[in-house]
Amino acid sequence: MPFIAFESAQLSPEVKERLIERLTDVSVELTGIPKELFLVSIREQPDDNLAVGGKSIKKIKQSLS
C-alpha cells in the first residue's frame, strides 16, 4: 500500500480535503496504482512551532491577513 506523508503548519479542513484528493490523483496518474490503495497522512504542527527566516508561521500568517 503506497503511503504519502505531508507535514505542515495548521491547515483548514477544506485545504486538507483538497490536498488529499490532489496528492492521491497525481500519484495515481504517475504510478498507475489504483487510488483505493493509497494512504495519505497529514501531520500538522502548531503555527508557532514552525518558523521560516526567523519568523514563526503564526506571525507570517498574521502579516499576510
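In which strand does Lys55 lie? Select Lys55 and you are in strand β4, which spans residues 55–56; strands here are DSSP runs of E with at least two residues, helices are runs of H or I with at least four, and both are numbered from the N terminus. Before going on, note that this is a predicted model, in which local features need pLDDT of at least 70 and side-chain atom pairs count only at pLDDT 80 or more, while totals for chains, interfaces and linings use all residues. Residues are numbered from 1 along each chain as its sequence is written, and side-chain values use heavy atoms, with hydrogens and water left out.

**Strand β4**

Lys55 counts as exposed because its relative accessibility is 52%, where exposed means over 50% relative accessible area, buried under 20% and partly exposed in between, with a 1.4 Å probe and protein chains only. Show its contacts (heavy atoms within 4.5 Å) and, leaving aside neighbours within four places in sequence, you will find Leu50 and Ile60. Ser56 also lies in strand β4, but this residue counts as buried, at 17% relative accessibility. Not counting residues up to four places away in sequence, Ser56 touches Asp47, Asp48, Leu50 and Ala51.

**From Asp47 to helix α2**

Select Asp47 next, which is buried with a relative accessible area of 12%. The side chain of Asp47 meets that of Lys61 in a salt bridge, at 3.1 Å from N to O; the pair links the loop between β2 and β3 (51–52) with helix α2 (residues 57–64), 14 residues apart. A salt bridge here is a side-chain nitrogen of Lys or Arg within 4 Å of a carboxyl oxygen of Asp or Glu, and the whole structure holds three of them.

Now colour strand β1 (residues 3–9) and strand β2 (residues 39–45), which pair in the parallel sense over seven bridges, pairing being assigned if DSSP finds at least two bridges between two strands. Another of the salt bridges joins Glu44 and Lys16, with the closest N and O atoms 3.0 Å apart, and it links strand β2 to helix α1 across 28 residues. Glu44 is partly exposed at 32% relative accessibility, and Lys16 is partly exposed at 24%.

**The end of β1**

Finish at Phe3, which lies in strand β1 and stands opposite Leu39 in β2. Phe3 is exposed, with a relative accessible area of 52%.
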